[in-house]
Amino acid sequence: MTTSSTSARRIAVAGAGGRMGRMLIEAIVQAEGLVLAGALDVPQSPLLGSDAAGFLGKTSGVAITADLQQGLAQADVLIDFTRPEGTLAHLAVCAERGVQVVIGTTGFSEAQKAEIARFAEKTAIVFAPNMSVGVNVTMKLLEMAAKALDAGYDVEIVEAHHKHKVDAPSGTALKMGEVIAEAQGTRLADRAVYERYGDTGARVDGSIGFATVRGGDIVGEHSVMFIGSGERIEIAHKSNSRAGYVQGSLRAARFLAAHRTGQFDMYDVLGLND
């Protein structure tokens, strides 16, 4: 059901009753060239049947539903920030209907990521651990730094999120580790250290350490340290709200207008792969 790049993009939102879902809906109804076409939520949601833009004091004509077929019937693109199992269930229906998908969900296993790749053979998908434009520019800076600081620098990644986040380290922190490892011609799986407790011994050369903070309402903070002899370089990104994720998601939805199938990331959306 893909429209041309000059037509209004018809967007469905998963998790319509949640914080991210509501921010997406608000941004879509205000955006030029985008139309809210569907709103999905879980079967037990008390909001089922209500207007998706009702919390804004507006009428969109789109009712929140748990019926995937109904919620996706008029959509070109689904934006999904839910949980891995829910996202994969949504993807199956999207692939069947030819609806494109922007995935902001994190916490996927390697097997689940392989499923996403298979679905991308049937529909176009933007899948990234973080939809923020700023975070993805930060990733590019990390790639540059990792190549220049390939020897004599220890790498530590510290991330902080709100107390309700269920996966750790964050998908963004893991992606940062992958970017650094790949830039240095290695694999994160061979270098990552996720836990330190008790008598750990001296730091292993070449390891990439992760530290996790969970508390309060922290939206998302990531800091990467390249620690050398006599100096330390820090590259950090801090989110004060989820607005950055929203705008990046809308940018991804627009990007998909030119694609029928394939898996893409925010580097593709932002032209950072050059």
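These legends accompany several close-up views of a predicted model.

View 1. Start here to get your bearings: seven strands make up an open sheet with parallel pairing. Their order across the sheet is β3-β2-β1-β4-β5-β6-β12. At the edges are β3 (64-65) and β12 (262-264), each of which pairs on one side only.

**View 2. Strands β5 and β6 with helix α4.** Here we move in on two paired strands: β5 (residues 100-103) and β6 (residues 124-127) run in the parallel sense, and three bridges link them. Look for I103, which stands opposite F127 in β6. Helix α4 (residues 110-119) packs on the sheet and touches β5, β6 and β12. The direction of α4 makes about 145 degrees with that of β6.

**View 3. Helix α6 and its packing partners.** Helix α6 covers residues 171-183, 13 residues in total. From the first C-alpha to the last, α6 reaches 18 Å, close to the 18 Å expected at 1.5 Å a residue. If you trace its buried positions, you will find G171, T172, A173, M176, G177, V179, I180 and A181. The buried residues of α6 pack against helix α5 (133-148) and against strands β7 (154-161), β9 (208-214) and β10 (220-227). Just after the helix, have a look at G185, whose phi is positive at about 70 degrees.

View 4. Is S207 buried or exposed? S207 counts as buried because its relative accessibility is 6%, and the cut-off for buried is under 20%. Its side chain makes a polar contact with the side chain of R203, at 3.1 Å. Beyond its neighbours within four places in sequence, S207 is in contact with V155, R191 and V193.

**View 5. The largest nonpolar core.** Nonpolar side chains tend to be buried together in soluble globular proteins. In this model, the largest nonpolar core has 34 residues, and V102, V126, L256 and M266 have the most contacts inside it. At least two residues of this core come from each of β1 (9-13), α1 (19-30), β2 (34-40), β4 (77-80), β6, α7 (243-255) and α8 (266-270). Helix α7 gives the most, with six residues.

**View 6. A closer look at M266.** M266 is one of the core residues with the most contacts inside the core. Setting aside neighbours within four places in sequence, M266 is in contact with V126, A128, N130, M131, N136, G248 and A252.

How values were computed. Residues numbered from 1 in each chain as written. Predicted model: local features only at pLDDT ≥ 70, side-chain atom pairs only at ≥ 80, totals over all residues. Heavy atoms only, no water. Pairing = 2+ DSSP bridges. Helix = DSSP H or I, 4+ residues; strand = E, 2+ residues; numbered from the N terminus. Contact = heavy atoms within 4.5 Å. Axes fitted to C-alpha atoms, helices over the stretch in contact; angles between N-to-C directions. Expected span 1.5 Å × (residues − 1). Buried < 20%, exposed > 50% of the residue type's maximum accessible area, 1.4 Å probe, protein only. Polar contact = N/O pair within 3.5 Å; in protein donor to acceptor, adjacent residues only side chain to side chain. Core = buried A, V, L, I, M, F, W, Y, C linked by side-chain atoms within 4.5 Å.
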